[in-house]
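Work through the exercises below with the structure open. Try each task before reading its solution.

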Amino acid sequence: MASISLQVNGKAHVINAAPDIPLLWVLRDSLHLTGTKFGCGIAMCGACTVLVDGHPIRSCVTPAATLVGKGITTIEGLSSDVSHPVQRAWLEEDVPQCGYCQSGQILTAVSLLARTAQPTDADIDEALNGNICRCGTYNQIRAAIHRAANLQRQVTEAPVTYEQSGEIA
Amino acid sequence: MSGETILKIDLLNRRDVLRGLGGLLVGFVLPGGRNAEAQRYGAPLPVKPNAYIHIDSDNIVTFVITKVEMGQGTVTSLSQILADELDCDWNCVRTEFAPVDPSSYGPMQGVFGSTSIRTQWMPLRRAGAAARQMLMEAAAQKWSIDVAQVRTEQGFLLANGKSISYGSVAEAAAKLPVPADIQLKDAKDFKLIGTPAKRLDTRDKISGATRFGIDAEVPGMLYATLARCPVFGGKAASYDADKAKAVTGVHEVVRVSNGIAVVADNTWAAMQGRKALSITWDEGPNATLSSAVIRSRMAELAEKPGVAGRTEGDAAGTLARAAKRVEAVYEAPYLAHACMEPLNCTASVRPDGCEIWVSTQMQSGARQAAARITNLDPAHIQVHSMYMGGGFGRRGGTDFISEAVEISQAIGAPVKLTWMREDDIQTGPYRPAAYVKFTGSLDSQGWPEAFVARVVCPSFGGGRGGEELDRTAVEGINDLEYRFPHCAIEFHRADGAVPTSYWRSVGYSQNTFFAECFLDELAAAGGKDPVEVRRRLLAHSPRMFAVLNLVAEKANWGKPAPGRYQGVALVNNLGSFTAEVAEVSLDGGKVKVHRVVCAIDCGQVVNPAIVKQQVEGGIAYGLTAALKGAITIDRGRAQQGNFNTYDMLRISEMPKVDVHIVRSSDAPGGVGEASVPPIAPAIANAIFAATRRPVCRLPIKVSV
């Protein structure tokens with residue numbers, strides 16, 4: 001057994017686990033963050049995607065012990081009220097059907113939009129080709145990413161923060 | 001729709017099911033027993049109420065949904081039906097999944113055969129309308145006025161300038177007699193039915209809050225994996241658990257009916273423990289089975305006369321006299337369902353009862369399976385239906401439920417059993433492989449005259465004996481909407497050694513491919529346009545004819561973009577009429593599907609946005625099967641194991657999809673399985689148009 005310190009969604013956790021345990025099973029079985037999904041166990045489907053320092057990784061094949069000192073973001077940490085622009089776009093497009101793959105799709109999209117503010121369909125296909133959706137929501141995912149890009153641009157062009165407007169969140 | 005509706009007022013005694021106390025509960029009965037679809041699945045007539053509306057004093061309306069959600073949108077669309085007739089505020093609607101309770105919900109709780117809207121449409125409307133009338137009566141009594149003066153609006157009762165919420169009279173309403181004369185809305189007054197209402201389950205599905213079966217957590221729960229014999233029908237002869245037990249976190253290794261289970265502190269430890277098991281398998285009678293052997297047996301059968309199915313005119317005589325005959329053999333492989341959520345079940349068996357938490361399409365079957373294993377009274381088995389990460393027919397099986405219950409019983413603790421993806425791909429049951437031999441002929445003008453098919457296919461759901469016609473195995477060929485002057489369909493039941501089961505669109509999933517492609521071969525042999533041939537064969541069928549014309553118009557049939565080719569295919573299944581045109585290009589042997597146009601007449605639409613989702617999703621599901629899917633067998637086992645060897649359609653391969661829904665007031669048809677069957681033949685027919693070589697096998701391969 002090894003003691004592993006992890007920073008997940010801004011909170012520090014110390015886990016006692018097998019030294020080679022993948023992050024996925026720490027998140028799901030130890031930290032009860034079940035929004036991250038098991039799909040294949042070999043990094044072929046993307047259901048287990050989380051962000052590490054903003055970059056998407058497959059948590060099913062990434063040992064938790066290699067992530068000490070890094071910032072891990074799961075779907076639960078994206079926002080507390082589905083207010084992240086990508087979540088808002090997903091909501092407006094009503095993307096999910098069964099929904100099982102969507103945490104991974106959303107986090108991959110977040111990372112894409114951080115790199116590429118206005119992605120083309122080709123950019124989207126390239127970034128999300130590793131995320132399988134068995135329900136076939138791919139066209140809705142494309143539409144939602146374009147919508148999220150516009151939402152993010154609006155935020156950038158017309159920055160209204162709580163501080164500036166005097167409101168308290 | 002005919003059928004009795006029995007209403008029952010049931011105040012407070014179902015508090016175990018529902019949040020909160022007090023308020024109006026209305027139960028009702030489905031007219032399912034006289035429904036052909038229900039009869040097909042053997043569902044007896046339910047005798048007691050099987051769904052409920054619950055109105056809290058704070059005006060929150062809770063609908064208890066008996067049709068579980070696997071992505072098909074039932075939570076939303078069934079709520080729309082209830083809410084529209086009830087005239088409540090859509091923003092105040094909450095939902096819960098029903099428990100398994102035959103006395104309340106009938107003996108066959110499950111989601112299968114695209115039946116949810118079809119069977120619930122009228123009963124839910126009547127339930128919603130009855131509850132509204134009772135609330136109006138309660139308000140009338142409270143205000144001492146005639147009920148005719150009371151009207152409703154969005155969860156409120158109004159009369160003479162006064163207004164009161166449903167919730168504040170719900171308890172009084174519950175004590176009133178159920179109206180004998182239930183007044184349903186006129187279709188023109190629908191406010192929610194027919195609208196693209198937002199899905200009620202989206203918010204939780206984008207925040208990680210939705211609880212799928214695999215997310216169940218029970219105090220004291222352990223985690224299990226199960227090693228099964230890789231050969232179909234084999235079993236463990238002996239095993240050595242020492243190394244597995246030495247893995248950190250492993251608690252126990254136990255033998256159950258389907259294999260050797262490793263129970264641990266967490267899923268990872270259970271996975272590692274399973275790898276460390278040393279098992280000697282008794283591979284049983286199928287140890288040398290291969291796809292080649294299965295295929296040669298099917299080919300042999302196809303040369304012999306089979307059990308007669310649809311027979312019209314004089315097919316044999318017509319073929320014997322025909323100036324022009326066309327013969328062809330078509331084949332399709334076994335397919336795994338590959339739900340995104342791996343199969344799993346959490347079970348807690350105690351001496352006095354059993355609870356299971358599971359994403360299942362067959363809640364009743366789940367309870368029966370647990371009762372069979374535990375020998376407990378089914379009344380002491382509680383099934384918690386969880387959201388499903390896909391179903392596609394696979395979650396109609398209860399094997400994974402039985403396994404979890406056996407393991408929990410063996411170790412005396414709650415346990416979550418998780419299948420690995422390899423278990424899912426290698427265990428089956430699969431959509432059956434099938435083989436069809438066609439013979440057709442043309443009349444002197446080149447129009448199809450005789451259509452003869454010999455279908456060779458194992459039974460869906462596995463090895464039922466006998467030689468009778470298996471209607472599921474021949475659906476899509478034996479019940480074609482086309483009317484040929486002469487037609488003869490025969491059936492052979494193929495070997496059932498490989499486990500098979502229902503797979504989204506079932507027999508249509510392969511038979512529509514066979515029939516629609518062979519029809520294009522006949523059209524080509526007669527020098528006819530594929531759409532023109534279909535119009536001629538559908539003159540008697542106005543709904544199928546109309547979707548064919550609609551899809552041809554919307555796809556600009558006959559005028560594909562330069563370098564692209566079109567193919568058309570149709571299906572009439574589960575109460576809906578669907579036509580698709582695929583626009584395809586070929587780059588060497590590589591097939592690119594650019595665009596799919598679909599026209600569907602599914603009768604009355606409850607939620608057009610969900611219909612579109614289902615149609616588009618069905619096309620994506622069918623695209624994987626058309627372009628990629630094949631389980632092949634060697635040495636009695638599946639040769640594929642995970643998404644690296646059994647790949648799924650990716651976003652870069654997803655075509656644009658245009659869906660056109662026919663406005664209709666006919667009874668609702670099923671949409672969950674409507675669009676799957678035509679996509680493979682539409683693509684294959686486009687390739688045939690490009691190459692003039694028919695595509696006779698799935699998955700589609702183009703030789704260059």
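**Exercise 1.** Decide whether Trp121(B) is buried or exposed.

Solution. The model is predicted. The relative accessible area of Trp121(B) is 7%. The cut-off for buried is under 20%, so Trp121(B) is buried.

**Exercise 2.** Classify the ring pair of Trp121(B) and Phe190(B), and state which parts of chain B the pair ties together.

Solution. Step one: the ring centres are 6.2 Å apart, and rings pair if their centres lie within 6.5 Å. Step two: the planes stand at 75°, and over 60 degrees counts as edge-to-face. The pair is therefore edge-to-face. Step three: Trp121(B) belongs to helix 4 (residues 116–143) of chain B, while Phe190(B) is in the loop between helix 5 (166–174) and helix 6 (202–205) of chain B. The pair thus ties together parts 69 residues apart in sequence. Phe190(B) is buried, at 14% relative accessibility.

**Exercise 3.** Describe the pair of Tyr482(B) and Phe484(B).

Solution. The distance is 6.3 Å centre to centre and the angle between the planes is 65°, which makes this aromatic pair edge-to-face. Tyr482(B) is buried, with a relative accessible area of 3%; Phe484(B) is buried as well, at 4%. Ring pairs link both into a cluster whose members include Phe438(B) and Phe514(B).

Terms used:
Residues numbered from 1 in each chain as written. Chains lettered and ligands numbered in written order. Predicted model: local features only at pLDDT ≥ 70, side-chain atom pairs only at ≥ 80, totals over all residues. Heavy atoms only, no water. Phe/Tyr/Trp six-rings, centres within 6.5 Å; stacked < 30°, edge-to-face > 60°. Helix = DSSP H or I, 4+ residues; strand = E, 2+ residues; numbered from the N terminus. Buried < 20%, exposed > 50% of the residue type's maximum accessible area, 1.4 Å probe, protein only.
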